[in-house]
Amino acid sequence: MATNDLLEDSRAAGHLTRPAPAPAPGGRRASPGLTLTAAMLGFALITLDASVVNVALPAIGDSLGGGMSGLQWVVDAYTLAFAALMLSTGALSDRIGATRAYAVGITVFTAASVACGLAPSLPVLIGARVVQGMAAAVVLPASLSLVRQAYADAAKRARAVAMWAAGGSVAVALGPVAGGALTTAWDWSGIFFINVPLGAVALVLLLRAPRSQRRPAPLDVPGQVLAVLTLTAVTFAVIEGGTTGLLALVVAVAAGVAFWRTEARQAHPVVPPGLFRDRTVAITVAAGAACSVAFYGLVFVFSLFFQEVQGRSALWAGLMFLPMTGLIAVTNVFAGKLAARVGPRTPMLAGQSLAVLGLLALLFTDASTPALGLAFLMVPLALGCALTIPPLTAAMMEAVPADRAGLAAGVLNSARQVAGGLGIAAFGGLVAGDFVSGMRVSLLISAGLLAASGVATLGLRRGR
């Protein structure tokens, strides 16, 4: 679902004039097609890694221990590093050049994947996942910049960006299946080692990409550091709980206050405080966050449910997500066209309503529910979220000035990733005891958040 936010970002910012790229290294002729392939592969790689891990969590727990909180950190360490640093890595890519940023990001991501696969303990794995997330945050904006600079013609560039976004959608759909297949055929380390040949291919293809010129871009280092501290402390408080969690919450509040005060004084803040004064921006960010809590939280919980409660294999668990994830890309395209015709309000309301109904239907599942029936019961949630995200992204892009389109898209993507991470943190704690009861509470929380964001969506203006 996140691919559509970036697609809208590219459309909104595509009018900006960029310096002509330098020739490919070694004097070789630059190939737009190979550049696009390299960018798609990198984007698919980091998107795949955000979802492929869920199905392998029981195997990781059996091998390295750590309990439920440890497994939550395996997912959230990547998600939070990715989300928090995405606020600044676009500017970093501009400062050092997209080609160099992409090469560094893919190299570090691949090396961190090896470290994940070889991790002898859970703390080492979690640390390597943090590095993976940091590298992914660099790869994402750099890959989009590579696509933009490879195509001078606006129509060809739009088609290329659509293909780039489609690569991410395919990765989302294949993530759980790939995770299940690799874990079953190999073991959990296979989900990380598979990144090595893919990363190497991306780097080889990059040799035919034109070298990007550097552009001055301001970096808000204090704001970025405080954002990371705030988000990490909040997540730590939710996952760990108890006295330690309470102390983390105090740190989160203090860092959050310092963050907003710092942003108010910065000439180029990573998150302008005034951005959320616009009602459309506030509503769309809230709706996007609610969708992420429900979608990513459901994938996390049911990845464990299929294996821990129903006793299914990792491969079977991965296949159970294929009906819901396989329809996301098609629904995204339909939702974008519908929003262009009738405006974002109607498809957003329809999508959130469908997702709520899907979550309520899942309340009646338990250990005896047929797995195939459950696989199709998860479809309404996925369709509802897929129907909601493109319209809300378009609405947010329309609500901000053109020169802030990239910043707004970064904030939206970061908010959605952070919300998904916090959802996983909260739901993991709920299912740690009585799994089915905790799962039902998680579904009710998700339904409540989507219902609330649906009510807020009524505040958007009708039509286009």
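Q: What makes a run of residues a helix here, and where is V257 placed?
A: Helices (H or I, at least four residues) and strands (E, at least two) are DSSP runs, numbered from the N terminus. V257 lies in helix α10, which covers residues 242–265. The model is a predicted one, in which local features need pLDDT of at least 70 and side-chain atom pairs count only at pLDDT 80 or more, while totals for chains, interfaces and linings use all residues. Residues are numbered from 1 along each chain as its sequence is written, and side-chain values use heavy atoms, with hydrogens and water left out.

Q: How many helices and strands does the protein chain have?
A: The protein chain has 19 helices and zero strands.

Q: Why is V257 called partly exposed?
A: Buried means under 20% relative accessible area, exposed means over 50%, and partly exposed lies in between (1.4 Å probe, protein chains only). V257 has a relative accessible area of 41% and is therefore partly exposed.

Q: Why is G459 called partly exposed, and where is it placed?
A: The relative accessibility of G459 is 26%, so this residue counts as partly exposed. G459 is in the segment after α19 (435–457).

Q: Which residues does G459 touch?
A: Contact means heavy atoms within 4.5 Å. Not counting residues up to four places away in sequence, G459 touches R279 and I283.

Q: What makes the largest nonpolar core?
A: A nonpolar core is a set of buried Ala, Val, Leu, Ile, Met, Phe, Trp, Tyr and Cys residues joined through side-chain atoms within 4.5 Å. The largest one has 97 residues, and I60, L125, L298, F302 and F306 have the most contacts inside it. Helix α11 (residues 279–309) gives the largest share of this core, 18 residues. A second, separate core of 32 residues includes Y78, M86, V147 and W164.

Q: How do you know whether the radius of gyration of the protein chain agrees with that of a compact globule?
A: The radius is taken over C-alpha atoms, and the globule rule is 2.2 Å times the number of residues to the power 0.38. For 464 residues a compact globule would have a radius near 23 Å; the protein chain has 21 Å and therefore agrees.
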